[in-house]
Amino acid sequence: MKRLETKRLILREWTIDDVDDLFEYAKLDTVGPNAGWKPHHNKSESKMILERFMASGDTWALVFKPEAKVIGSVGMHDFQDLSGKKVKSLGYVLSTYYEGKGLMTEACLMAIRYMFLETDCDMIRVSHFVGNHKSQRVIEKCGFHFLKEDDYQSMDKGIKRSRLYEMTKTEYFKMEEFKMSTWNLDKLYLGFNDENFKKDLEHFENLVDQTKSKNQDFTS
């Protein structure tokens, strides 16, 4: 897997030295079941899975830069398609301790960009179990469109209902063109809770009040 990098993350190949980090999050009962597999019981189990990652070469280790630590994974697996198109299946896992920071969306967007810009991939598919709203939000933020609901044979709880999404290379480039044609205010404000935004909004509201006051002077 090609090494990829974002502002906060590094996506790289797995090494045997990652076994401790893998076990740390794979043992949590809040991680594996959401992806269809049972929590790891010991480091030997994590080592076996890690060796599979290294042999398959289709899964990145997700490293959080500030801590130089593996906190999850992103995979692009071969997906059988009868039309002859090059299709990949996106899979991802994130340690519960790092949720709610937008890290998984950041990682997936970079992986998607790589697949469409630097490989012959025609389409990417991804799914989540019904009720897994965190995973659903990641998928929606990345720009996938809903395809259908189906049954999935999970390794931990038998058959579970899942929702399938997809994105074509053409759709991806259209989204990128749209982003290029719209304004980006990140240099001004990081969001509605940004202190600069709050100050400017307060200043604007004061100006409105002053204008209304002067208008009353002219009309009275």
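This is a predicted model: local features need pLDDT of at least 70, side-chain atom pairs count only at pLDDT 80 or more; totals for chains, interfaces and linings use all residues.

Reply: Residues are numbered from 1 along each chain as its sequence is written, and side-chain values use heavy atoms, with hydrogens and water left out.

Helices (H or I, at least four residues) and strands (E, at least two) are DSSP runs, numbered from the N terminus. In a regular strand the side chains alternate between the two faces of the sheet. In β3 both faces are covered, with T59, A61 and V63 buried on one side and W60, L62 and F64 buried on the other.

Two strands count as paired if DSSP finds at least two bridges between them. Strand β2 (residues 9-12) runs antiparallel to β3 and is joined to it by 4 bridges, and L9 has F64 as its bridge partner in β3. Between β3 and β4 there are 6 bridges, again in an antiparallel arrangement, and here V63 stands opposite V70 of β4. The hairpin of β3 and β4 has 4 residues between the strands, and A68 takes a positive phi near 50° there.

Strand β4 (69-79) also belongs to the surroundings of helix α1, whose buried residues pack against α3 (43-56), β4 and β5 (87-94). Helix α1 covers residues 19-26, of which 6 of 8 are buried, namely V19, D21, L22, F23, Y25 and A26.

A salt bridge is a side-chain nitrogen of Lys or Arg within 4 Å of a carboxyl oxygen of Asp or Glu, and by this rule the count comes to 16. One of them joins K88 and D78, whose closest N and O atoms are 2.5 Å apart; this pair links distant parts of the chain, K88 lying in strand β5 and D78 in strand β4, 10 residues apart. D78 is exposed, with a relative accessible area of 63%.

Another salt bridge is formed by the side chains of E149 and R163, at 3.2 Å from N to O. E149 lies in strand β7 and R163 in strand β8, so this pair ties together parts that are 14 residues apart in sequence.

Key. Buried means under 20% relative accessible area, exposed over 50%, partly exposed in between (1.4 Å probe, protein chains only). Contact means heavy atoms within 4.5 Å.
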